[in-house]
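Colleague: I am new to this structure and would like to learn how to read it. Could you walk me through a few of its features?

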Amino acid sequence: MTGLQPQYILVTGATGFIGAHVVDELLRRGIRVRGATRSLAKGEAMIQARPEYAASLDFVQIKDFATPGPLDHAVEGIDAVIHVASPLTYDTTDNEKELIIPAINGVRSVLEASQRSKTVRRVVMTSSFASVMNADRKGPPYFEYTGGDWNPLTYQESIAPTTPAHIAYRGAKKFAEQAAWDFVREQKPGFDLVTLCPSMTFGPIVHPISNLDQLNESNAMLWKVAQGLPLGTARVPSWIDVRDLALAHVEALLRPDAGGKRYIPGGTERFTYDWAASIMEEEFDWAKNKVQHQEQKVDDSYGFDGVTTAKDLGIKYTSFHTTVKDLITQLKGMHEALQESSPEALP
Ligand SMILES: NC(=O)c1ccc[n+]([C@@H]2O[C@H](COP(=O)([O-])OP(=O)(O)OC[C@H]3O[C@@H](n4cnc5c(N)ncnc54)[C@H](OP(=O)(O)O)[C@@H]3O)[C@@H](O)[C@H]2O)c1
């Protein structure tokens, strides 16, 4: 992509945790946004929550990527696409049908429509550190992952009925991202590609949810800590604040030199849920006799190159302390407001 400022961006997954932050970052910069959603009611809720941007934000309905239709209507008049949408759930009965095929189909539908559009100049895609990291690798020695690394999972391993959903998810992200790079290499479309491979993403929410059961998977783990429930175990100790990640998406869209790059955004801090519990006790009186503790070891046998993202895209990473404090302040406020409006609906 040349240095031309794109005017109108399609964001898929715009009603989700990360996508809604991307939408807001674009709108704040005066860039018009079209969100894609399977449910226009969710899109309407996003618009109603942002009355000041009503003229700059619209939504288009797309089919579930499990049975995708053409997305030509979604990319009509669009200069660039930020493709965030992908199924992110560990509650599956058929990993291939529910996670892997929809993830790959989503990428192909977006790229094929973008190619036909002739107006799309860049596609930024949300992949995941799950597509980078080899979960079976044992350190020491210390290893630093870069944008050149891929997890070694095969397609057959990912779809096997005995494979747990969190491992199938790693396959879904890898094969969907590889489908995107293959498409660009083979088809040589009129756009370039940037992919972002973040780890666990936490932080305040800006997408519409009507109760805290609808929280996205990663934030739900921190909310469980605040509720005094037993601590979960972090599958990876790396993480990023959702606001930093949204900024990285938009900078990846706007900076000409980002084209063709694969970034791993994130700082060097490693988190545990036990550390999150300590932060909550430090920040909130109500958490002092509530949160649980458990000794949790941090795997520091590997890290990743988050410095290249910071340098190329101009990101300063938020601290885990700030992220936990900001998220839990928001969720506690939402919980209290919901309790006041319908006390019987909440524990
Ligand atoms: N959260 C994390 O910790 C994390 C970490 C690394 C990477 N990621 C990646 O970041 C992206 C967004 O994650 P998120 O946490 O924002 O998830 P999210 O809150 O679940 O949002 C994902 C959005 O994608 C859309 N979507 C989901 N399944 C779909 C399907 N089968 N067909 C069409 N659209 C579908 C949904 O929009 P509608 O319901 O409006 O259609 C949903 O709002 C995903 O690609 C995920 O793999 C997330």
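Colleague: Where is Pro-140 found?

Modeller: Pro-140 sits in the loop between strand 5 (122–126) and strand 6 (143–145). Helices (H or I, at least four residues) and strands (E, at least two) are DSSP runs, numbered from the N terminus. This is a predicted model, where local features need pLDDT of at least 70 and side-chain atom pairs count only at pLDDT 80 or more, while totals for chains, interfaces and linings use all residues. Residues are numbered from 1 along each chain as its sequence is written, and side-chain values use heavy atoms, with hydrogens and water left out.

Colleague: How should I read the backbone there?

Modeller: Most peptide bonds are trans, and most residues other than glycine have a negative phi. Here, the bond from Gly-139 to Pro-140 is cis, with omega near 0 degrees. Another cis peptide bond joins Pro-140 and Pro-141, with omega about 5 degrees. Pro-141 is also in the loop between strand 5 and strand 6.

Colleague: Which phi does Lys-118 have, positive or negative?

Modeller: Lys-118 is not a glycine, yet its phi is positive, about 65 degrees. Look for Lys-118 in the loop between helix 4 and strand 5.

Colleague: How do I describe packed helices?

Modeller: Two packed helices are described by the angle between their axes and the distance between the axes. Axes are lines fitted to C-alpha atoms, for helices over the stretch in contact, and angles run from 0 to 180 degrees between N-to-C directions. The axes of helix 4 (residues 95–117) and helix 6 come within 9 Å and cross at roughly 20 degrees. Helix 4 and helix 6 are therefore roughly parallel (angles under 35 degrees; over 145 is roughly antiparallel, 65 to 115 roughly perpendicular and the rest oblique).

Colleague: What about helix 1 and helix 8?

Modeller: Helix 1 and helix 8 (residues 242–254) pack at about 55 degrees, their axes 8 Å apart, and are therefore oblique to each other.

Colleague: Which elements supply the shell around the ligand?

Modeller: Helix 1 (17–28), helix 6 (165–187) and strand 8 (200–202) each supply at least two of its residues. Of the 25 residues around the ligand, Thr-15, Thr-37, Lys-42, Tyr-169 and Lys-173 come nearest; a residue is near if one of its heavy atoms lies within 4 Å.
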